[in-house]
Amino acid sequence: MLWKGLSRLVYGQNEFVALPPCAALRRPSPPLFVTGPSKTAPKKGGLDGVVAAQTRLSHVDGQAGQLIIGGYELKELAGRVSFEEAAHLLWRGALPSQDELAGLQREIAALRALPDEAMHVVRAAATTPPIDALRMACATLSLDLPRPDDISPGADIQAAKLLTARFPTVVAAHARLSAGKEPIAPRTDLPLAANFLYMVHGKEPDPIAARAIDTYWVTVIDHGMNASTFTARVIASTRSDMVSAVTGAIGALKGPLHGGAPGPVLDMLKDIKSADRAEPWVRNELAAGRRIMGFGHRVYKVRDPRADVLSKVADAMGAAGGALENRKLFDLARAAEQTILKVLDEVKPGRNLRTNVEFFTALVLQALGLEPRSFVATFACGRVAGWCAHVIEQHAEDHLIRPQSEYVGPRNLKVEGRS
Ligand code: ACO
């Protein structure tokens, strides 16, 4: 099933899905970008405030602190549906029936193992950052598609399943190789998230840990028109293929302004050491003009709803009797969070700097035994399903994304001294 109300169109060899002619889906005409007062006025802020696409996939309401995924609020989905179910929701427009879910789980399980070419690249990239290894390995995955340039809905869904199935295998294999260990072959009898931890640690995770990584991936599966999603859509809008679009998206996610700050959050907590040191520590950082990692967001002006979900995941892991070291870190994080919010409100009044997703991501991922250097790549294992859904949607839209620039360089220069 595709999204209800979509119809198929054929252009040359490619089959597309046409959006229905309802007002909610009509593209602003022209141009695709809807800007404020002037359509052509240059904006310094890198498309800040510009609506770049219409989507049924997710919506971020920064004032209400709400994230809607495929029609459901995040708090409705997280912890209640599996990552595979959430992927189906984005790719097909509805949560799966039991039969559909069983079919999707079987297909994804069968696709997990890496072909030799991809494993060769992961081995060659063992000393590079995990997100770079993932980008390189991702690019090889089109070798395994029957027609890599096919962007019909059927081919897109197939590529989406392949990429989503294999990202965790790449990240787990890289984690082991970079630690001087041999990769562990995926199992087909575990859900995608549990199998990821199995491949990293070599033993089946306990149910709390398996649920934690699954809930984390559902929580980050899609998030409006963020930079990597936009990148994927721009590439797809040229009628380029799914693997190319997702490879580009990884490149965008890698940048420190997007890939986030969960590693530095851990460094910060280690530096703070004890709850009573939090206040002088944060005052000192702010006085030095530094930012507090895990706080503030471009869109959310209230608490990031993903932080709420992951805070509960962290609680569950602590309550379940996790390692004493982790429980101490969770307690310190809770106390430090309250102090940091109080001091930020005082020192940066009116900026509404609240806890963002990265604060609790750091706690959850390190409690799962993952290395901070692999946090961004682990994030990509969840976000890939959202990127793929946006590529499917963009291929259906079939409209080239091509904004304009304002030329500010010189004019009428003459070539001197050459014949
Ligand atoms: N700590 C201290 N001050 C901050 C912080 C922070 N974390 N975030 C913003 N501010 C201050 C700025 O210094 C600025 O103050 P000023 O008005 O006195 O100059 C004001 O708040 C506005 O800052 P902007 O940079 O305009 O806010 P923007 O919306 O562009 O920033 C960002 C968003 C980049 C996330 C920022 O809040 C930040 O750097 N946070 C820390 C890093 C972090 O946690 N990143 C992960 C974000 S979640 C994600 O990407 C998945």
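Q: How many helices and strands does the secondary structure of the chain come to?
A: The model is predicted. Its chain has 16 helices and five strands.

Q: What share of the 419 residues is buried?
A: Burial is judged by counting neighbouring C-beta atoms. Here buried residues make up 45% of the chain.

Q: What part of the contacts with a separation of 6 or more joins residues 24 or more positions apart?
A: That part is 75%.

Q: Why is Val60 classed as buried?
A: The cut-off is 20 or more other C-beta atoms within 10 Å. Val60 is buried because it has 21.

Q: How many residues of helix α2 are buried?
A: Eight of the ten residues in α2 (residues 83–92) are buried, and the helix is mostly covered. The buried residues are Phe83, Glu84, Ala86, Ala87, His88, Leu89, Leu90 and Trp91.

Q: What is the general rule for phi in residues other than glycine?
A: Most of them have a negative phi. Lys273 has a positive one, near 70°. Asp398 also has a positive phi, about 50°.

Q: Where are Lys273 and Asp398?
A: Lys273 lies in the loop between α11 (262–272) and α12 (278–287). Asp398 is in the segment after α16 (375–397).

Q: Is Lys273 buried or exposed?
A: Lys273 is exposed, because 12 other C-beta atoms lie within 10 Å. Asp398 has 17 within that distance, so Asp398 is partly exposed.

Q: How do I read a helix pair such as α4 and α5?
A: Take the axis approach and the crossing angle, then the contacts. The axes of α4 (residues 116–124) and α5 (residues 130–140) come within 9 Å. They cross at roughly 160°. Angles over 145 degrees count as roughly antiparallel, and α4 and α5 are therefore roughly antiparallel to each other. Their crossing is right-handed.

Q: Which residues of α4 and α5 meet?
A: Glu117, Ala118, Val121 and Val122 in α4 meet Ala133, Met136, Ala137 and Thr140 in α5. By class, this contact has six nonpolar residues, one polar and one charged.

Q: At what angle do α7 and α8 cross?
A: Helix α7 (residues 192–201) and helix α8 (residues 207–219) cross at roughly 120°, and their axes come within 8 Å. That angle makes α7 oblique to α8. The crossing is right-handed.

Q: What residues make up the contact of α7 with α8?
A: Ala193, Ala194, Phe196 and Leu197 in α7 meet Ala209, Ala210, Ile213, Asp214 and Trp217 in α8. The contact has eight nonpolar residues, no polar ones and one charged.

Q: Which residues come nearest to the ligand?
A: There are 17 residues around the ligand. Arg291, Ile292, Gly296, Arg298 and Arg351 come nearest.

Q: How does the shell around the ligand divide by class?
A: The shell has six nonpolar, six polar and five charged residues.

Conventions. Residues are numbered from 1 along each chain as its sequence is written. This is a predicted model: local features need pLDDT of at least 70, side-chain atom pairs count only at pLDDT 80 or more; totals for chains, interfaces and linings use all residues. A residue is near a molecule or strand if its C-beta atom, placed from the backbone, lies within 6 Å of it. Ala, Val, Leu, Ile, Met, Phe, Trp, Tyr, Cys and Pro count as nonpolar, Asp, Glu, Lys and Arg as charged, and the others, Gly among them, as polar. Helices (H or I, at least four residues) and strands (E, at least two) are DSSP runs, numbered from the N terminus. Axes are lines fitted to C-alpha atoms, for helices over the stretch in contact, and angles run from 0 to 180 degrees between N-to-C directions. Angles under 35 degrees count as roughly parallel, over 145 as roughly antiparallel, 65 to 115 as roughly perpendicular and the rest as oblique. A crossing is left-handed if the near helix is turned anticlockwise from the far one by less than a right angle, and right-handed if clockwise. Two residues are in contact if their C-beta atoms, placed from the backbone, lie within 7 Å.
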